[in-house]
Amino acid sequence: MTASSLFTLVIALISLSETVATSAPTMKPTNAPTKKPTSSPTKKPTNAPTVYVGTNKWYMKDQLCGKDCATGTEDCIGVVRDNWVTLYDTVAACCAGKLSYLDPSYCAARSGTTPAGTNKFYPDSQNGRCVKDETGTLAKNTDKLYADAATCCSTGLGWVNSDFCESRSTGESGFADKWYVDYDSMTCKNDCNATATTLPSGVNATAACEENEDRSITYYDTAATCCAGKLAWIPSATCQAVSATGAAATSTGTAKYYADYASSGKCVQDCAVGSSQPFCGGILTNVAGVQLFDTVEACCASKFGWMDGDLCKSKTTGTATNKWVSEDKLKQCCCT
């Protein structure tokens, strides 16, 4: 082997030994492995999930409105999750949008969780009056309320006498304290409380006060206007006296004519017999229900229309008619 070949072999052996040394496995890791994570894992979310509490807007439920929020809070009637439910910014908008058939004031006052009265009036047709809508006095589904009793009576109960309606409405006395005709007694009565009402001087509460039950009757401010309006055939002074006190004032007669049915059909005057008036039949002590006339002709025509007018007048005045009559008629007239 030549010197150059030997040198080449030595170089090759050296290269091989270096290659083997470089590729040999490491007996142990340079750094020990980490036994646990450097940071512990998060056990719960950083922020809790958000709970839906509603929009705080208004929606319809059970024919009224309430807020879209959890019950237990003022005006809240439950959280709405149905996307088909219409929500409104205000109770007025909810009432108008869903409950337009209700009076707006009523709907707004009764909605939410604390129902309240509107302090307006509604008609009570059964009793002919209006009632104030205070808490608990009005049932559901009213369609119209009024600001005061007068408007309610005139608009909601137009067929009822306004004085009757207003006096019977909430907050009033229950009596009109006005006069109305009583045809049973042929006097005027005062719609008043005999134990509580202060009447004008000279008015006897026991005689004058009588609660009226006729809702459509006409009222008058005074007994005089009632007598003139409804009992005009009765002398005014007598009508007023009987109406106010229960007793007629002393009368000297009216000199008017009235029918005297007991005398076979004639008219006589309301005056004392033997006085200066020629056809007196006596003073009427009670003219209630007695119709009086200014002339004998008017009395005969109204009360004895079946009789010849001249004959009735003749019997009244005691003077002849100067007219002819058949013998049969004369006998029938005078002898039957």
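Start your tour at Asp148 and select it together with Ala150. Asp148 caps the N-terminal end of helix 4, with a side-chain oxygen 3.3 Å from the backbone nitrogen of Ala150. Keep in mind as you go that this is a predicted model.

**Stop 1: along helix 4**

Now select residues 149–156, which make up helix 4. Which residues of this helix are buried? They are Ala149, Cys152, Cys153 and Gly156. These four span an arc of only 105° around the axis, so they sit on the same side of helix 4.

What do the buried residues of helix 4 pack against? Show residues 121–124 for strand 3, 129–132 for strand 4 and 162–168 for helix 5, and you have the three partners of that buried set.

**Stop 2: Cys65 and Cys94**

Next, look at the cysteines. The structure holds 11 disulfides, and this tour visits a few of them. Select Cys65 and Cys94, whose sulfur atoms are 2.0 Å apart and form a disulfide. Cys65 belongs to strand 2 (residues 64–67) and Cys94 to helix 2 (residues 91–98), so this pair ties together parts that are 29 residues apart in sequence. Look along the S-S bond: its torsion is about -85°, so the disulfide of Cys65 and Cys94 is left-handed. Are these two cysteines buried or exposed? Both Cys65 and Cys94 are buried.

**Stop 3: Cys95 and Cys107**

A disulfide joins them, with 2.1 Å from S to S. Cys95 lies in helix 2 and Cys107 in helix 3 (residues 104–110), so the link ties together parts that are 12 residues apart in sequence. The torsion about the S-S bond of Cys95 and Cys107 is about -85°, which makes this disulfide left-handed.

Why does Cys95 count as buried? Buried means under 20% relative accessible area, and Cys95 has 4% relative accessibility, so it counts as buried. Cys107 is buried too, with a relative accessible area of 0%.

**Stop 4: Cys227 and Cys239**

Move along the chain and select Cys227 and Cys239. A disulfide joins this pair, S to S 2.0 Å. Cys227 is part of helix 7 (residues 223–230) and Cys239 is part of helix 8 (residues 236–245), so the pair ties together parts that are 12 residues apart in sequence. With -85° about the S-S bond, the link of Cys227 and Cys239 is left-handed. Cys227 and Cys239 are both buried.

**Stop 5: out to Tyr261**

Select Tyr261 next. Where does Tyr261 lie? You will find Tyr261 in the loop between strand 7 (257–260) and strand 8 (266–269). Tyr261 is exposed, with a relative accessible area of 56%. Leaving aside residues up to four places away in sequence, Tyr261 touches Lys303 and Phe304. Draw a line from C-alpha to C-alpha between Tyr261 and Phe304: they are 9.4 Å apart in space and 43 residues apart in sequence.

**Last stop: the whole chain**

Finally, select everything and zoom out. How many helices and strands are there in the protein chain? There are 11 helices and 8 strands. Of the 336 residues, 33% count as buried. Now show the surface: the accessible surface of the protein chain comes to about 21300 Å², and 53% of that belongs to carbon and sulfur atoms. Among contacts between residues at least 6 apart in sequence, 48% join residues at least 24 apart.

Methods. Residues numbered from 1 in each chain as written. Predicted model: local features only at pLDDT ≥ 70, side-chain atom pairs only at ≥ 80, totals over all residues. Heavy atoms only, no water. Disulfide = S-S within 2.5 Å. Helix = DSSP H or I, 4+ residues; strand = E, 2+ residues; numbered from the N terminus. Buried < 20%, exposed > 50% of the residue type's maximum accessible area, 1.4 Å probe, protein only. Arc of directions from axis to C-beta. Contact = heavy atoms within 4.5 Å. Polar contact = N/O pair within 3.5 Å; in protein donor to acceptor, adjacent residues only side chain to side chain. Areas by Shrake-Rupley, 256 points an atom, 1.4 Å probe, with all protein chains shown as cover.
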